[in-house]
Amino acid sequence: MSEGGVEERPGAGASCLEPSERLDPRARTVWRINNALWAAPIVGAGCLVAFFVRLGGAPLYLWTLPVVAVLAVAVVSIFVTPALRWRRWRYEIRPDEVDLQRGIFFVTRTLVPLARIQHVDTQNGPLQRHYGLATVVFYTAAGANQIPELSAPVAADVRERIAALTKDQDEL
């Protein structure tokens with residue numbers, strides 16, 4: 001167990017059951033749009049570098065290389081990464097802990113004891129509101145943990161359930 005009562009186990013063993021709950025499928029769309037918004041300036045910078053390299057009289061392969069590289073990174077981050085991220089992200093709220101699993105190549109499992117949770121919030125930005133999603137954020141002394149991209153009613157239920165279970169832990 002790490003400082004603050006939050007236990008993290010990267011790459012949970014085969015004997016541990018995965019958390020049962022998945023994020024809302026619309027999470028993939030929101031992540032794709034977010035990644036596209038982040039990739040646009042990078043693609044623009046790659047094109048600008050290519051333009052100046054071409055002005056310098058460089059051969060074709062030298063000025064197309066930056067454009068191809070940034071386009072490849074953008075395509076992977078927009079079309080591949082959100083689907084892999086969604087497939088891996090899971091959570092489960094148990095009577096004594098919240099189990100979180102996330103990561104694409106390096107899978108992280110986090111167990112947050114309900115007795116350590118201080119308060120719980122729901123948050124949603126403009127893009128999440130447009131798609132009817134919200135993020136549940138719960139805080140311990142060690143910091144914040146979150147369950148992202150749940151439908152707004154599910155996020156409200158998760159927030160209320162964690163708050164109720166946390167009160168039960170306080171009464172024990």
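A salt bridge is a side-chain nitrogen of Lys or Arg within 4 Å of a carboxyl oxygen of Asp or Glu, and this structure holds 7 of them. The model is predicted: local features need pLDDT of at least 70, side-chain atom pairs count only at pLDDT 80 or more, and totals for chains, interfaces and linings use all residues. Residues are numbered from 1 along each chain as its sequence is written, and side-chain values use heavy atoms, with hydrogens and water left out.

**View 1. A salt-bridge network that includes Asp99 and Arg109.** Start with Arg94, which forms a salt bridge with Glu97, their closest N and O atoms being 3.0 Å apart. Arg94 also meets the side chain of Asp99 in a salt bridge (3.0 Å, N to O). Asp99 counts as buried because its relative accessibility is 0%; buried means under 20% relative accessible area, exposed means over 50%, and partly exposed lies in between (1.4 Å probe, protein chains only). For another pair, look at Arg159 and Glu160, whose side chains meet in a salt bridge (3.0 Å, N to O). Arg159 is partly exposed at 23% relative accessible area, and Glu160 is partly exposed at 46%. Back in the network, salt bridges that share partners join Glu92, Arg94, Glu97, Asp99 and Arg109.

**View 2. Arg109, a buried residue in strand E5.** Strand E5 covers residues 108-113; helices (H or I, at least four residues) and strands (E, at least two) are DSSP runs, numbered from the N terminus. Arg109 is buried, as its relative accessible area is 3%. A polar contact of 2.6 Å joins its side chain to that of Asp99. Such a contact is a pair of N or O atoms within 3.5 Å; within protein, one must be able to donate a hydrogen and the other to accept it, and residues adjacent in sequence count only if both atoms are side-chain atoms. The side chain of Arg109 also reaches the backbone oxygen of Leu17, at 3.1 Å.

**View 3. Helix H1 and its bend at Ala39.** H1 has 29 residues and reaches 42 Å from its first C-alpha to its last, close to the 42 Å expected; the expected span is 1.5 Å times one less than the number of residues. At Ala39 the helix bends by about 30°, and Pro41 follows within four residues. The bend is the angle between axes fitted to the seven residues ending there and the seven starting there. Among the buried residues of H1 are Trp31, Ala39 and Val43. After H1 comes Gly57, whose phi is positive, near 85°.

**View 4. Val70 in helix H2.** H2 runs over residues 60-88, and Val70 is buried there at 16% relative accessible area. Leaving aside neighbours within four places in sequence, Val70 is in contact (heavy atoms within 4.5 Å) with Ile42, Val43 and Gly46. Val70 and Ala39 are 31 residues apart in sequence, yet 8.3 Å apart in space, C-alpha to C-alpha.

**View 5. The largest nonpolar core, with 22 residues.** A nonpolar core is a set of buried Ala, Val, Leu, Ile, Met, Phe, Trp, Tyr and Cys residues joined through side-chain atoms within 4.5 Å. Tyr91, Val98, Val136, Phe138, Ile147 and Ile162 touch the most other members. Helix H4 (152-171) is one of the elements giving two or more residues to this core, and the largest share, 4 residues, comes from H4. A second, separate core of 5 residues includes Val43, Val70, Ala74 and Ile78.
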